[in-house]
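User: I would like to learn how to read the main features of a protein model. Please take them one at a time, general idea before particular case.

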Amino acid sequence: MEVQLNPYIMLDGGAREAIAFYEQALDAKVVFKQTFGEAGQAVSEQERDRVAHSVLMIGGAVLLVADTEPGVRFAQGKQVNICITIADKEQAQKYYEALKEGGQVDHPLQEVYFSPAYGMVTDKFGVAFQIFTKRA
């Protein structure tokens, strides 16, 4: 079972600017970027260009950057979280259940347009995690 943990920067409309900044400041290479409009999300015209997901390579490291989903309240102090990427839905459920104990559910673990099991949890230490299950 392969598990990846990557830093994930969540912003409120500033992801495009942050990506450009990291390209200059850290020599980041954008290997993937998709807006909410490109993802086929039903969003307003002004929300279409918000970044739904991006993957930046900095040397051999991965940095993920995106804007919050339209309609989701931006949580100051949670701009950086840890994204757990896994292929197994049962293992994703196990991590989710364990991390939410004594913590808070920010997004219930469920199927979404980009993942068969995705959720967000802030653990009892105040650390925010995204749990992302890859499609088979």
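**Fold and cores**

Analyst: Read along the sequence, the protein follows the pattern β-α-β-β-β-β-α-β-β-β. Helices (H or I, at least four residues) and strands (E, at least two) are DSSP runs, numbered from the N terminus. In total there are two helices and eight strands. This is a predicted model, in which local features need pLDDT of at least 70 and side-chain atom pairs count only at pLDDT 80 or more, while totals for chains, interfaces and linings use all residues. Residues are numbered from 1 along each chain as its sequence is written, and side-chain values use heavy atoms, with hydrogens and water left out.

User: Which residues form the largest nonpolar core?

Analyst: In soluble globular proteins, nonpolar side chains tend to be buried together. A nonpolar core is a set of buried Ala, Val, Leu, Ile, Met, Phe, Trp, Tyr and Cys residues joined through side-chain atoms within 4.5 Å. Buried means under 20% relative accessible area, exposed over 50%, and partly exposed in between (1.4 Å probe, protein chains only). The largest core has eleven residues: I9, L11, A15, A18, I19, Y22, A28, V51, L56, L63 and V65. Two or more residues each come from β1 (3-11), α1 (15-26), β3 (51-58) and β4 (61-67). The largest share, four residues, is from α1. Apart from this core lies another, of ten residues, including I84, I86, L99 and F129.

User: What does L63 touch, beyond residues up to four places away in sequence?

Analyst: Contact means heavy atoms within 4.5 Å. By that test L63 touches P7, I9, Y22, S54, V55, L56 and I58, with residues up to four places away in sequence not counted.

User: Is T85 buried or exposed?

Analyst: T85 is buried, with a relative accessible area of 8%. T85 lies in strand β5 (residues 80-86). Leaving aside neighbours within four places in sequence, T85 is in contact with E2, V3, Q4, F132 and K134. Over the protein, buried residues make up 38% of the 136 residues.
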